[in-house]
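Here is a friendly note to read alongside the model. Please keep the sequence and the 3D view open as you go through the points.

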Amino acid sequence: MNQQPGKLGIREFVSIAILMVGAKATEDTPAVLFNQVQNAAWMIPLLSAGIFFIPLFLLVKTMSLYQDKDLFSVIKKLLGKYLGFIVCLVIFMLSSFAVSFDTRTYTNIIRAFYFTTTPNLVIYAILMVICAYGAKKGLQHVGSVSYLIVFYALLSLYIALGISTQQSNIQSMFPFWGPGQFEIMKLSSQKISIFADFFILTMVIPYVTSNKVFRKGTWIAFVYVSIQISVATLIFICMFDASLDGIAYPFHLAIRFISLGEYIPNVEIIFFIIWILTAFIRFTAFLYINALMFGQLFKIKDFEYLIPSLTTIYLLIGIIPESPVDVILVLKPLIQNLAGPMFAVISIILWLVAQLKGEFKHAKNKNSM
């Protein structure tokens with residue numbers, strides 16, 4: 001199938017999705033999960049994926065009724081002009097705060113491990129300026145660059161995790177159920193926000209070559225990243241054991257143990273370069289999608305011009321927390337605990353409204369003609 005000019009093919013779309021969601025294995029997510037369910041933390045991504053599968057399946061099915069329509073257009077069509085606007089505004093606000101606190105997390109990682117004497121604001125500003133520049137180039141460019149680097153990003157992750165297994169102890173995964181099955185299921189339902197980016201990605205449907213490509217790409221990326229995050233968490237548990245409770249960013253600590261002999265001791269800089277490239281792609285895509293949301297909300301056709309302004313606002317919000325602890329333990333969990341369940345509920349509501357309005361019957365009759 002020939003790719004339409006200016007649109008994402010399945011390779012580009014899957015690459016963006018993997019880099020956006022799979023990157024959570026390299027930040028604070030494994031440590032946060034371990035803090036709450038200890039040795040059973042590796043189960044949470046798989047169970048959360050199983051729970052989120054139902055609302056995501058219903059959302060994708062609903063979106064397939066409206067060819068080349070993005071999430072906000074479908075919400076307004078099904079829920080009406082005014083209620084739809086309120087729902088879309090809430091989604092935009094949650095996504096905006098998530099971008100602010102996620103970018104601040106990456107700034108904290110860079111300063112803690114690589115540029116310890118550089119002020120947070122300087123690192124943060126450089127990160128946001130580069131991402132804003134990339135977002136201004138358009139989603140097609142983001143997809144192309146994602147496809148170019150996704151192989152190296154995954155290869156570096158596999159190498160890092162593979163070497164880490166040499167210093168791991170499989171016994172560290174016991175007791176198998178951690179604090180108990182009830183706590184595991186409870187946290188799994190709360191942490192469906194790990195996969196909330198797939199809900200946001202429905203905004204780019206008009207920029208994908210077809211709905212079939214979007215559906216297929218979504219499920220490929222969804223299955224892959226759920227396994228990747230789970231495996232990475234398990235390896236960190238076996239490597240650090242109980243000490244993982246006091247480690248904020250296990251991936252970056254793990255790569256510090258990697259060495260190619262006394263002549264090349266600082267191998268982590270290679271992993272850092274690839275990791276920071278994936279971070280640029282991740283937040284570039286987020287900035288573009290959020291600008292698209294804002295443009296849809298307020299009927300601004302040339303929404304690309306909003307990207308620098310939104311980037312500045314996100315920078316100002318993200319720099320407000322005084323310490324990394326505030327971001328990891330207070331602000332990010334607050335947004336995540338709201339976003340995940342809310343996105344799941346919205347997905348189910350959209351499907352129910354479409355059923356009540358007979359949209360599925362109309363689509364079936366139309367296809368049979």
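The points below go from the ground rules to helices, the core and single residues.

1. Ground rules. This is a predicted model, in which local features need pLDDT of at least 70 and side-chain atom pairs count only at pLDDT 80 or more, while totals for chains, interfaces and linings use all residues. Residues are numbered from 1 along each chain as its sequence is written, and side-chain values use heavy atoms, with hydrogens and water left out.

2. A pair of helices. Two packed helices are described by the angle between their axes and the distance between the axes. Helix α1 (residues 10-22) packs against helix α10 (residues 211-240) at about 30°, and their axes are 9 Å apart. Helices here are DSSP runs of H or I with at least four residues, numbered from the N terminus. The axes are lines fitted to C-alpha atoms over the stretch in contact, and angles between N-to-C directions run from 0 to 180 degrees.

3. Who touches whom in that pair? From α1 come I10, F13, V14, A17, I18, V21 and G22, and the α10 residues include F214, Y224 and I229. Contact means heavy atoms within 4.5 Å. By class, this contact has 13 nonpolar, four polar and one charged residues. Ala, Val, Leu, Ile, Met, Phe, Trp, Tyr, Cys and Pro count as nonpolar, Asp, Glu, Lys and Arg as charged, and the others, Gly among them, as polar.

4. The hidden side of α8. In helix α8 (residues 181-190), the buried residues are I184, L187 and S188. They lie on the same side of α8 because they cover an arc of only 105° around the axis, an arc being that of the directions from the helix axis to the C-beta atoms. Buried means under 20% relative accessible area, exposed over 50%, and partly exposed in between, with a 1.4 Å probe and protein chains only. What covers these residues includes α2 (29-37) and α3 (43-63).

5. The core. The largest nonpolar core has 128 residues, and F72 is one of those with the most contacts inside it. Such a core is a set of buried Ala, Val, Leu, Ile, Met, Phe, Trp, Tyr and Cys residues joined through side-chain atoms within 4.5 Å. Helix α12 (residues 268-297) gives the most to this core, with 17 residues. Leaving aside neighbours within four places in sequence, the contacts of F72 include C88, I91 and M293.

6. L94 sits in helix α5 (residues 81-113) and is buried, at 10% relative accessible area. The C-alpha atoms of L94 and Q336 are 8.7 Å apart, although 242 residues separate them along the chain. Not counting residues up to four places away in sequence, R104 touches N120, Y124 and E322, among others.

7. Loop details worth a look. The peptide bond from F174 to P175 is cis, with omega near 5°, and P175 lies in the loop between α7 and α8. Q38, in the loop between α2 and α3, has a positive phi of about 50° although it is not a glycine. D68 also has a positive phi, about 60°, without being a glycine, and D68 counts as partly exposed at 42% relative accessibility.

Definitions and conventions. Helices (H or I, at least four residues) and strands (E, at least two) are DSSP runs, numbered from the N terminus.
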